[in-house]
Amino acid sequence: MDPLMMADQSAEAIRYLTEGVLIRINRLTQRPEPELATSWKVAKDGTKITLQLRQGVRFPDGSPFTSEDVVETFRHLLDPALHSPVADTFKTEKGMVKVSAQGPFAVIVEFPAPTASIESIFDQVAIGSARVTQRPAPGLGPFLVGERKSGVSIVLKRNPSYWKRSADGKQLPLVDAIRLDIEQNRDLELLRFRRGEIQLIDKLTPDLYERLAADAPRTAVDAGPTLDSEFLWFNQAKRAPISEPTKEWFRSAPFRRAVSQAIQRADLCRVVYRGHATPAAGPVAPSNKLWFKQGMSPEAFDPAAAAKLLAGDGFRFENGVLRDHNGNAVEFSIITNAGNKARERMAAMIQEDLAKLGIKINMVTLDFPSLIERITRTLNYEACLLGLVNVDPDPTELMNVLLSSASNHPWNPSERTPETAWEAEIDRLMLAQAATADYRARKKCFDRVQEILREQEPILYLLHPNALSAVSKQVTGVKPTTFFPHTFWDAEHLTVTKAEGGG
Amino acid sequence: MKALAIGFLIAIVLAALAPLPTRYDRQFRDSPNARPSRQFPLGTDDLGRDRLSRLIYGTRVSLLLASAAALLSCVTAAALGGVAGLAGGIADEVIVGVADLFLSLPWLFLLLMVRACLPLNVSPTISVAITFLLLGALGWAAPARVVRAAVRKFNNADFMLQARATGCPTSKLLWRHLMPNAMPILWAQLWITIPAYVLAETTLGMLGLGVMEPLPSWGNLLRELEGGGIAGHPWLLAPALLLAAVVGSFQAIFEREDYSV
């Protein structure tokens, strides 16, 4: 697949290991580091970046890497016919990005408007050769795609022309090859890890982590809260084919806040994630030190306060049933995707928590395509429990969720104009933070967005799962991180010793 | 053996109707995955719910609703298979054609599709009833073909000739003469279908698409086995053993009976 089209985590893993990028965000320090660009200069107004390219780098076919390759890559990326999801990062309402060469080893990228976090967006762009006639083609990463067994595995071999060397002068990568196994069954995956057939599992479920930690604690790694989040939201779209009373409840901020206060987030973390999750205060995990609003804490579990909020909003509790001001019993469904045990358990716990408020929840698990159909197209659902995988700590990553016009705006997708004042305010703040390179100004805007989300609770953020991985004793050099890829972000420096036993 | 199997099934049904030790949906969140104890004879599940209560209630759900669904299938099969066998001609061709269509449909995908189209805001009880109703509505085809074959054979029997000779109307021929003679076949189909539907619901439950939470069923109870670790937690096998014993009992009851016609 074209590395500029990578849309899921598996494809992203292959891209990460086989392609070169101009600037790499170090997954441990979260700082930009030179890769194919040795240095860069960002203009004060944030609209231009000049990159000096690394010299002496060659593609696997022997051709030299020059500015022509960068220009051609961006031309291909920004081609509307490609429909690359990566290209969205470079698109603005004011026009397209311009990329031009300034000699063979310098490139200028000009944005029509000031762009936030300008270096980090280059981490996603795989630089290909200008001379290729067919994609994908061997890239500038540490590995090359070798043997491929459809549905079984992909072997990545060392790239003999990889430009990087270790601190002591050794040619990188240090391993000869990496085999990526396609394993649908998580239990089988763990069994193979214990047998020594695989050495790294980048993402473990809490159940499997606990099992591994009990038997082989040194191989089970908990790197801390990821940027991912699990959350619940209510369908607030006016055009949604749900009953009017239900819409009225969902559009009430006191109702949403009351529901939020009735959910025991600490229990969700403790019981469902076995303690390997952190209650969420908002969309940003505390591990995201640059953007997390300091002082924000998760909504406290307070059923008394929840009951008071509901009473103030015209609800009354009668014979164990909560009724609105028209006497309608408060009952609604929560949909989630079938097969995700963690979400099924969370939904069951939320069901019990809200039952104490007199709210009856019907939990419905759907196959994923049906669920997506309902939440994006037909809007035929009431509440939804889902999660978001965040690969980029920058707030711009959340634009397609928080902007009211976005198709992924969960509670009311693709609004022509914001239907509420607070949504309009979020729009204004998110666009403002994206239009400046000044971190302080951006932080101020995004802090206010987090406050509004807490006040209005259109999304009830529940928790941030931890990064749980399995790392074999055979592998050295692994520095687990909360950012994807958790264990092999530094694959070129990993080494493998001979197997002595399983795990 | 047959007597043992019957006795076992009666015991299971009675046990399933017994009062529950605790509410099946109550979460003892401080004791998730607890080992068996006096308070929880089969321990607790991931959410701290009493496994024994859930097993008892799940048996109620799975066994009783599977029986209802099987009854629906067999009644439908009796009606359609009987009409096809008796009437012959176009009616027979149409019914057989529809039965073939139902037999060739991938039932799992059909169930998923229908389930996805169901209204969301139904209670777990109604949802499980709809699931079994669907199973019953989809499962008539195979028994109908068996009934049809039997009815066609009976059509030329002496008692049928005599009944026709006395001017017996078609509906009476079907219900007063043919069906009583086909009852052994229908009973056999019923007893075959009940465990089949139990297993079908189990499959749906294992996929997370069966009975809605917090209602337990054998299907969603068996999902606990997905995680492995049986060696250290043999009580997890309780639903599987019960399911195997019940299905085996159904088979044993009709093991040596001759239902040829």
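This is a predicted model: local features need pLDDT of at least 70, side-chain atom pairs count only at pLDDT 80 or more; totals for chains, interfaces and linings use all residues.
Trainee: Which strands pair with β12(A)?

Mentor: Two strands pair if DSSP finds at least two bridges between them. Strand β18(A), residues 383-388, is joined to β12(A) by 6 bridges in the antiparallel sense; there Trp233(A) stands opposite Cys384(A). Strand β19(A), residues 459-471, also runs antiparallel to β12(A), over 4 bridges. Leu232(A) has Leu460(A) of β19(A) as its bridge partner.

Trainee: What is the strand order in the open sheet of 3 strands?

Mentor: The order is β7-β8-β9 in chain A, with antiparallel pairing. The edge strands, each pairing on one side only, are β7(A) (143-149) and β9(A) (177-181). From one strand to the next the twist averages 20°. Between β7(A) and β8(A), residues 153-158, there are 5 bridges, and Val145(A) is partnered with Leu156(A).

Trainee: Which helix lies across these strands?

Mentor: For such angles, axes are lines fitted to C-alpha atoms, for helices over the stretch in contact, and the angles run from 0 to 180 degrees between N-to-C directions. Contact means that the C-beta atoms of two residues, placed from the backbone, lie within 7 Å. Here helix α1(A), residues 9-18, lies across β7, β8 and β9 of chain A and runs at about 140° to β7(A).

Trainee: How many helices and strands does chain B have?

Mentor: Chain B has 10 helices and 0 strands. Its C-alpha atoms fill a box of roughly 75 × 45 × 30 Å along the principal axes. Of its 261 residues, 38% are buried. Take contacts in chain B between residues at least 6 apart in sequence: 70% of them join residues at least 24 apart.

Trainee: Why does Leu4(B) count as exposed?

Mentor: Leu4(B) counts as exposed because it has 11 C-beta neighbours inside 10 Å. Leu4(B) belongs to helix α1(B), residues 2-17. Its C-alpha atom is separated by 8.3 Å from that of Ser249(B), 245 residues away along the chain.

Trainee: Which residues have the most contacts inside the largest nonpolar core?

Mentor: In soluble globular proteins, nonpolar side chains tend to be buried together. A nonpolar core is a set of buried Ala, Val, Leu, Ile, Met, Phe, Trp, Tyr and Cys residues joined through C-beta atoms within 7 Å. The largest has 122 residues, and those with the most contacts inside it are Ile334(A), Met346(A), Ile350(A), Leu462(A), Ala66(B), Val147(B) and Tyr197(B). Helix α2(B), residues 51-87, supplies the largest share, 16 residues. Beyond four places away in sequence, Val147(B) touches residues including Ala77(B), Gly81(B) and Ile185(B).

How values were computed. Residues are numbered from 1 along each chain as its sequence is written. Chains are lettered from A and ligands numbered from 1 in the order in which they are written. Helices (H or I, at least four residues) and strands (E, at least two) are DSSP runs, numbered from the N terminus. A residue is buried if 20 or more other C-beta atoms lie within 10 Å of its own, exposed if 12 or fewer, and partly exposed in between; C-beta atoms are placed from the backbone.
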